[in-house]
Amino acid sequence: MSASIGELQIHCPASIFDMAANQEEWILGVSKSQTDSDIYSARSWLLTAKTIFPQSFRLQIEEYHLELRKKNTEECARVLNEIYRDFSNEPQLWKEIELLIEATEKSNDDFRKEIFDHLPPITQQGMIIGSAESVVNVAHYCRLMLLLMNKFPETISKYGLAITEKLVETERRVAENNTVNYCRTLLVRKVLPVICRYGNVGVSHKHFYKWLQKATEFYACFFTASDDAERRESWTEMSKLLSWIAMRCEWSLDSNSSDNDSISDRMSFMRDLFRRSRTDVDGAVNRKQIFYSTIILLFEAASTYMLLLDPSIYEDNSSTDQPYIHICVVGDQGQPQTSPGMQGASKRTSDLREAYNVGKEAWNILHSIDSFEKDFNHLTRRWKCERWLWFQLFLVDLHNMDGNYKAALSRLNAVESKLQELCPRKEVISRIYCLLASTLYSLEKFQESCEYIFQLLSHLPYTYHPNSEQVTRLLPLGNPQNHDLLLGGAQPSLQSVVLSVEDLLPFWVHVFISSLESVMRSVEDDQVLGHLIILSQYDWPRWKSQSSRVLTRLVEKRSFKFDLFFQYVINIDILEEIAYIKNQETCKLNLKQNPTERAHVTRGVNREADEEFWSAMKRNAQRSRESAADLVHRYLSENREVILSCINIVEPR
Amino acid sequence: MNQRKYTNSVQELIRNLESVFSNQASASASYSKEALISRIDDVIFKQRGDWISSQQALTPLEELELIDELGLYLQEQKHEYVRYRIFEALFSMARETALEYRRDILSKLVSLAIVSKSSATLECAALWMKSTEKSHVVHLVLSLVTDYCVLQQNGASDLKACIDFSPRFCCIFLIALTSHYTMMSSEKCKEGGIIVDDLKDWPCLRLLDIVQHWLLKDPAICYCTATQMDKLWRTVIKATHSLPDSLSLTPLDGLASWCVKTPFAPMSLLAPVITTDECAENLTYSELHSRMHYGFLKVLLASKPALKAIAKGSVLGNPDLQLWSKQQAHALVGDLMSLCNHSDAIPLSGSADELAVDRFSQISQIAMSMRVLNCTKDQFQSLSDPLPKTRLLEIVAYGPNRRSSIDETPMEISTNY
């Protein structure tokens, strides 16, 4: 039975909405059913429905999806813009907006990227900001705001500062111990470049100084302690950031500067500026500029210097460049010895020299004015630079170069005390021990120096070449083409040497020999003499005179007991001398050729002993072509306690 | 020799006209309109002696030169008023002399202007079309349709391109087209001994393509006569508004008719396909008018600026001007009734009736929501009452709150309210 219109109008409100919903649903259904057969008809139905149900989000989003399926990006943008205007609270809308923004960021969806590009700029901005505000994760938030600021530089002045503060605040809250954390990385590498370069953030210079501090600390750590492959760009990025901040703070600009400025170019500009600042009365030169620029130069120079010395110092590296170290050795007669130095690597050499000089000059500038020194110390305390091993090692070299061994030693001791806490790489530990050995030697603390050499012998690898006579020969300083003095420091006795046992052994032998000789001067001990003989075989006939002196002493003493003799003496000249002494009976020799003890020494046994002696001599003579280096290395490795106790005989000074 | 003489005399006369119309303010009495017209007919159209003669007096070459000269002149003359006065002086249909002949020349001139993208000529033609009696306008339009949709293979794209340099011409062209092709006749006729559909009331495939292209590309095109109403147009239209049979201001009514009636297109129009410029697919008549309908809905949605201009009074000074009046809607319902199959109160699903009524509903809904059609709910209900009820019509007429009568057993459409 049909109902009249009058009755139909009396309905409870709830079902009126149902009816409307049904009708909307029906129209939508008709439209959808035609999407494949007649898209224009489908569109017409949707358009009509939108005017009947203007409050319906569903219809609008359907229209959007229809156009999206048809890949009609301009229409999509138009529709989406309307939806954004009229239905800004719908979650489904924001889900779609997220997809659009992601497509724009990552270029993973060309259509959606195009749609976003077609939206009016105001809408794009509103969408990015709206999306960002609902995001909890700071990194995500920053990424979105960076997208906003990169696309629309005019928004930088409004949002730039807030983002930096949020990142700083989050970093503090999360309380990471590592400077290279995600907050700082975002701040320094992504956010600051955008706002310092493009934006007028309207902040005081104090903010820029704070940002410079954050960035400097960051890049120093990033360059030296991170796995990221991009760490190589650290100082370039720092340089750029500095230049933009310099513009904002209206610092003096170097009119000759270019993108290819070397570190010394920049240093020379700083040097000029510094010089001018000393007589500057009316504040034309900005001291802050000098302060911050110099610190950056210092860290860049120091970290680069260490990297040039050892390409593997910050990370495992398949570089074929060998690591170098600067150690001090003085030869006998005060003649400095040189190692062949860095072979054929003149660029590396000149770069190293450049880095050193710049670092040194920067350090000096920072310590030439009280306020600089105070502020710099404040920063290094805050940044805990005592944990930056590369920096401490650079300073050690600096001190050593200046002959300031005490300062070098105290720094090295401080570093050593932190080794357990910091757990640096093996290469770094070796370097530290090596420097300790060298510096202690310069201070004539022979015993401690030798102890460190023993540490190194157990740390560093050594390959035995039993049939080789190869040994790294030391050459006198006077030979010009072999002179590869790396750095013109106050101490010409500071040399660059490859950080390997093979190359350091000559110097260590020297140390041991010097130590033993100094003991020998005040004490008469066969062990000392015996050790000297063994050591003197190295790089024969370099230490020949030492061995001659010992042999003379033997004869004077008329007795000599040393049970390590036949284990380690193979040098033919020495053996001949001993044989001569034996024959001449100028000295009673007890060289303990075999381990078994003879309880009694009888005449018959003496002859036996003699026979054993000569056969041992013959045996050793046959070994005379063995590598002396191998021998000495083995000897040192196996007799640490015995040797040390010899050196300790004399009271340490 | 003769040609040069002709060209020179044309140029001279045009210069004369120019000086007359330029100085009109100061020299209103110094020329005689009749004398001027006489000279025009004599020199330009070479009509001699018999005033009503329509015989061709110019050689084809002279015709070509005339058209060329005129085209060039119109394009160069920057003063719109002077330009139009000269145009009108030559081609006004208000005087009888050499009527048809002048009309032919005009057709050729406009035809050339389309392909040479001469916006100045087309603007003059548009205003001429708006202020001239419909039969002459239709004549011009049909000759252009012949030139561009029938004779040439790719002529349609030239015509389509007019939207880029003379939207007003396109608008007037649409008005003329929609007023001529009424889509009402379903007669048959004999052609070569075979009974075929009489297609004289129906635009051809290519023409439909042009229309849908224009509407989709720029919906606002339908309002440019209203929104770009300048002093010249206002003056001319006001002067001719008493003309009994001139074109309306916008094509809205005509296009609404087309959208609603095209579902009833004769079978012989439905099979052929054409390839449009915009897409590689082949489109049928149905697909084209579906696009046109969607385009028209977008036209309705783009009506705000025109409504604003009307309300401000800047369109012919009449703030009550209706873009689509109730009377026009009523007339359309009447047409639709005569086209529909009356045996079903509710149209069969998929039938032409259903499509037509649904389209009417869609157009009305959007027109009412945009205030293009100023109609209360009650008024619309009574207006649409005679029509067969589709569910969509019910929703549009009675609003979303009214349960659709389709759901219930079919009821008599009540006529007593």
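This section describes the predicted model of chains A and B, from confidence and domains to individual helices, strands and backbone features.

The mean pLDDT of chain A is 85, and 88% of its residues score at least 70. Where pLDDT is low, the predicted coordinates should not be read in detail.

The domain assignment of chain A comprises domain 1 (16-134), domain 2 (311-354 + 372-522) and domain 3 (528-653). Taken over C-alpha atoms, the centres of domain 1 and domain 3 of chain A are separated by 96 Å.

Helix 22 of chain A spans residues 446-459. From the first C-alpha to the last, its 14 residues reach 20 Å, close to the 20 Å expected at 1.5 Å a residue. The buried residues of this helix are F446(A), S449(A), C450(A), Y452(A), I453(A) and L456(A). These residues lie on the same side of helix 22 of chain A because they cover an arc of only 160 degrees around the axis. An α-helix has 3.6 residues a turn, so residues three or four places apart point the same way. The cover over the buried residues of helix 22 of chain A includes helix 21 (426-442), helix 23 (501-522) and helix 30 (640-647) of chain A.

Elsewhere in chain A, S293(A) is located in helix 15, which consists of residues 287-309. S293(A) counts as buried because it has 24 C-beta neighbours inside 10 Å, the threshold for burial being 20 or more. Apart from neighbours within four places in sequence, S293(A) makes contact with L242(A) and M270(A). The C-alpha atom of S293(A) is 15 Å from that of A355(A), a residue 62 positions away along the chain.

Strand 4 of chain A, residues 494-498, is mostly covered, with four of its five residues buried. This strand pairs with strand 1 (residues 324-328) of chain A in the antiparallel sense, over five bridges. Within this pairing, V498(A) in strand 4 of chain A stands opposite Y324(A).

The peptide bond between W540(A) and P541(A) is cis, with omega about 10 degrees. P541(A) belongs to the loop that lies between helix 24 (526-536) and helix 25 (544-557) of chain A. Most residues other than glycine have a negative phi, and most peptide bonds are trans.

Chain B contains 21 helices and four strands. Of its 417 residues, 40% count as buried. Among contacts in chain B between residues at least 6 apart in sequence, 77% connect residues at least 24 apart.

Helix 3 of chain B, residues 60-76, has 17 residues and extends 24 Å between its first and last C-alpha atoms, close to the 24 Å expected at 1.5 Å a residue. Within this helix, L66(B), L70(B), Y73(B) and L74(B) are buried.

Strand 1 and strand 2 (residues 194-197) of chain B run antiparallel and are joined by four bridges. In this pairing, K188(B) stands opposite D197(B) in strand 2 of chain B. The two strands form a hairpin with two residues between them, and G192(B) in the turn has a positive phi of about 60 degrees.

Positive phi values also occur in chain B at residues other than glycine. For K117(B), phi is near 55 degrees, and the residue lies in the loop between helix 5 (99-115) and helix 6 (119-130) of chain B. K117(B) is partly exposed because 15 other C-beta atoms lie within 10 Å. M183(B), which is not a glycine, has a positive phi of about 60 degrees. M183(B) is situated in the loop between helix 10 (167-180) and strand 1 (188-191) of chain B. With 20 C-beta neighbours inside 10 Å, M183(B) counts as buried.

Notes:
Residues numbered from 1 in each chain as written. Chains lettered and ligands numbered in written order. Predicted model: local features only at pLDDT ≥ 70, side-chain atom pairs only at ≥ 80, totals over all residues. Expected span 1.5 Å × (residues − 1). Buried ≥ 20, exposed ≤ 12 C-beta atoms within 10 Å, placed from the backbone. Arc of directions from axis to C-beta. Contact = placed C-beta atoms within 7 Å. Domains from an automatic or database assignment. pLDDT = per-residue confidence, 0-100. Pairing = 2+ DSSP bridges.
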